[in-house]
Amino acid sequence: MPFCFDFSRVSLFKTEVRFESSGRTKERFLKSRLQLAAGDEFSTREVRASVRALYRTGLFSEVRSRVEGEGEQRTLVVELEEQESREVYFEPGFGSYELFRGTVGARDRNMFQSGIDGSAEVMVAVRALSASIRLSDPWFLNEQVIGDIQVDFERRQEPSFLRENRGVGAYITKEWSGVMATTFGYQFGRSEAKDVKVVDDDVADAQNIVNVAGLTLSQRFDDRDALFAPTRGLFMNASVQLAAEGLGSELEFVRGK
């Protein structure tokens, strides 16, 4: 992680901040990641923490800092090299039941030039269709809280009926000490079965559409030394879901896993 300071000695002085970047990220977002603001007393520790925070956004391949000027008022210059944040992909495939299928999607990890991660994906198959849109803000309300919202649609031709699912969910996640994370959210889903052959049409109308809505709380612990091929560490995840009529659900239950 390249990191340098261009000053010969550390002294107490007030700091101004200037960014030098050819990227498209808004300066307001960049300032929100810094641990010190214009007019604060200079602190080497907080400059280092600011550089780490900018790297953690995943938007920059290199972050460099230096101090310019003399006297009681100096300028902290932060140079940024921004990575490519947009991608488009296509994935062909074949399933034994869905038959030929193709998935096309797009992702922008810097939507609105504010570090918001947005993605959209559509899957089309001979017997199925699905689409999803997701927005994730790693600094929800300018706090170290992850805010997620996701909208899903799925249509699938089953052997005896046509199934359609629609859903929307909103979640907030707080990470603790780098190894623990708590997620709280609300999810609403609507499931509908079509082209079902029954004797009594009233029974079909009553049973073919079901709304399920509820609150979810989950706790994760992960201190593994690597994500894909860990050699040591522990991973645990527990969650509980509450669905109730007052939350918009037609079914009421408590489910844990």
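This report describes the confidence, the nonpolar core and the salt bridges of a predicted model.

**Confidence**

The chain has a mean pLDDT of 86, and 90% of its residues reach 70 or more. One stretch stands apart from these values: over residues 5–11, pLDDT stays under 50. For this stretch the model has 13 contacts beyond four places in sequence. Where pLDDT is low, the predicted coordinates should not be read in detail.

**The nonpolar core**

The largest nonpolar core holds 19 residues. Those that touch the most other members are Phe19, Leu30, Leu54, Phe60, Val63, Val78 and Leu80. At least two residues of this core come from each of β1 (14–21), α1 (27–33), α2 (44–56), β2 (60–68) and β3 (73–82). Helix α2 gives the most, with four residues.

Beyond its neighbours within four places in sequence, leucine 30 is in contact with Phe19, Thr25, Leu54, Phe60 and Leu80.

**Salt bridges**

Side chains of opposite charge can pair when their charged atoms come close. In this model the count of salt bridges comes to 23.

| Pair | Distance, N to O |
|---|---|
| Arginine 18 and glutamate 68 | 3.2 Å |
| Arginine 66 and glutamate 68 | 2.9 Å |
| Arginine 163 and glutamate 158 | 2.9 Å |

The salt bridge of arginine 18 with glutamate 68 links distant parts of the chain, as arginine 18 lies in strand β1 and glutamate 68 in strand β2, 50 residues apart. Arginine 18 has a relative accessibility of 33% and therefore counts as partly exposed. Glutamate 68, with a relative accessible area of 29%, is also partly exposed.

Glutamate 68 meets arginine 66 in a salt bridge as well. Arginine 66 counts as buried because its relative accessibility is 17%, and the cut-off for buried is under 20%.

Through salt bridges that share partners, Arg18, Glu20, Glu62, Arg64, Arg66, Glu68, Glu79 and Glu81 are joined into one network.

The remaining pair in the table is formed by glutamate 158 and arginine 163. Both glutamate 158 and arginine 163 are buried.

Terms used:
Residues numbered from 1 in each chain as written. Predicted model: local features only at pLDDT ≥ 70, side-chain atom pairs only at ≥ 80, totals over all residues. Heavy atoms only, no water. pLDDT = per-residue confidence, 0-100. Contact = heavy atoms within 4.5 Å. Core = buried A, V, L, I, M, F, W, Y, C linked by side-chain atoms within 4.5 Å. Buried < 20%, exposed > 50% of the residue type's maximum accessible area, 1.4 Å probe, protein only. Salt bridge = Lys/Arg side-chain N within 4 Å of Asp/Glu carboxyl O.
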